[in-house]
Amino acid sequence: MSYRKKRHTSKPEPLERQTTIPEVKYHNPGVSRDLSTAKLTSGLPYQRPVETEDVDKLIAKWNPCLLTPIVVSFRDGNFNVVDGQHRIAAMRRMAGGGDVIVPCIIYTGLTYEQEAELYYMLDQTRGKLRLGHATKALVESGANAEIIDVKQRVEDAGFTWALDRPTGEPFEISTTRAVINAYRLLGGAAFSRMLGLIAGAWHGTPNSLKASIFSGMALFVKTYETELVDQTFIKRLSAVDPDEIIRRGKVDFSTNKAALRFARVILSKYNSQQRGGRKLPYRFKG
């Protein structure tokens, strides 16, 4: 994709000094145009929040010659910023906080979901998105069946998947990678079962929803899937503080496999609560 070259001052020029922009008809492929930031809509759910630290870094190394156009989607009468929130924030701050004129590449005909997918692809090429933000963009785009299924199963189990700004409330899962890894290890049905076990034993307490617990539980359920009785697990592990599982797993230096360390503690706690009858045998590899 090529952009029409534009001349820029060392800092963005305040809006009141700019001329009025004539109305044009936008179409695909995208067209280059200068727009006022007053006309741009940002902060859409698929976008990561504007971080002050990132804006500071942009301003510190600002070079107008390297300014690339803001990617905009004209939809439902709004100019939605798909890519460029931080650049806009930097330019507005350097202009004293007012609106400024910025170079844009404008598309029409995109749905909200397509905007989210485009946002994800653009940021992936730069490697700037945290996994949580990237996953949220995929959820909003509806383009990844696996991620959509994970989110649905998390919600069906009574949890929320906080991919953006977790609040620390009960039943709120903030880990991303451990959730996805657990899903891939177990498959959909067993993943849902694991979530049910966690909810039943610890009732959504934040310390039970950490990555350590998810990784250990995924391996435990995978290993003992056919031997495990759900109600028995819930009864026995509800008497165990998840923080104890995490602490004991962290001091197990006999293996460098993190999931195995926490799965061993879960097995130990399960068997230590046994009053007669058969204990689960050790079946982990390693």
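**View 1. The buried residues of helix α3.** In α3, the buried residues are Tyr-112, Glu-115, Ala-116, Tyr-119, Tyr-120 and Asp-123. Buried means under 20% relative accessible area, exposed over 50%, and partly exposed in between (1.4 Å probe, protein chains only). Seen down the axis of α3, these buried residues fall within an arc of 135°, so they line one face of the helix. That arc is taken over the directions from the helix axis to the C-beta atoms. The buried residues of α3 pack against β3, β4 and α4 (131-141). Contact means heavy atoms within 4.5 Å. Helices (H or I, at least four residues) and strands (E, at least two) are DSSP runs, numbered from the N terminus.

This is a predicted model: local features need pLDDT of at least 70, side-chain atom pairs count only at pLDDT 80 or more, and totals for chains, interfaces and linings use all residues. Residues are numbered from 1 along each chain as its sequence is written, and side-chain values use heavy atoms, leaving out hydrogens and water.

**View 2. The length of helix α3.** Helix α3 covers residues 112-126. At 1.5 Å a residue, its 15 residues should span 21 Å, and the end C-alpha atoms are 22 Å apart, which agrees. The expected span is 1.5 Å times one less than the number of residues.

**View 3. The open sheet.** 5 strands form the sheet in the order β1-β5-β3-β4-β2, with mixed pairing. Its edge strands are β1 (31-36) and β2, and each pairs on one side only. Two strands pair if DSSP finds at least two bridges between them.

**View 4. Strand β4 and its partners.** Strand β4 (residues 78-83) is mostly covered, with 5 of its 6 residues buried. Strand β3 (residues 70-75) runs antiparallel to β4, joined by 5 bridges. Here Val-71 stands opposite Asp-83, and Val-72 stands opposite Val-81. β3 and β4 form a hairpin with 2 residues between them. Asp-76, in the turn, has a positive phi of about 55°. Strand β2 (residues 40-41) runs parallel to β4, joined by 2 bridges. Leu-40 stands opposite Phe-79 in β4.

**View 5. Helices on the sheet.** Helix α2 (residues 85-94) lies across β2, β3, β4 and β5 (101-108). α2 runs at about 105° to β4. Helix α3 also packs on the sheet, touching β3 and β4. The direction of α3 makes about 30° with that of β4. Axes are lines fitted to C-alpha atoms, for helices over the stretch in contact, and angles run from 0 to 180 degrees between N-to-C directions.
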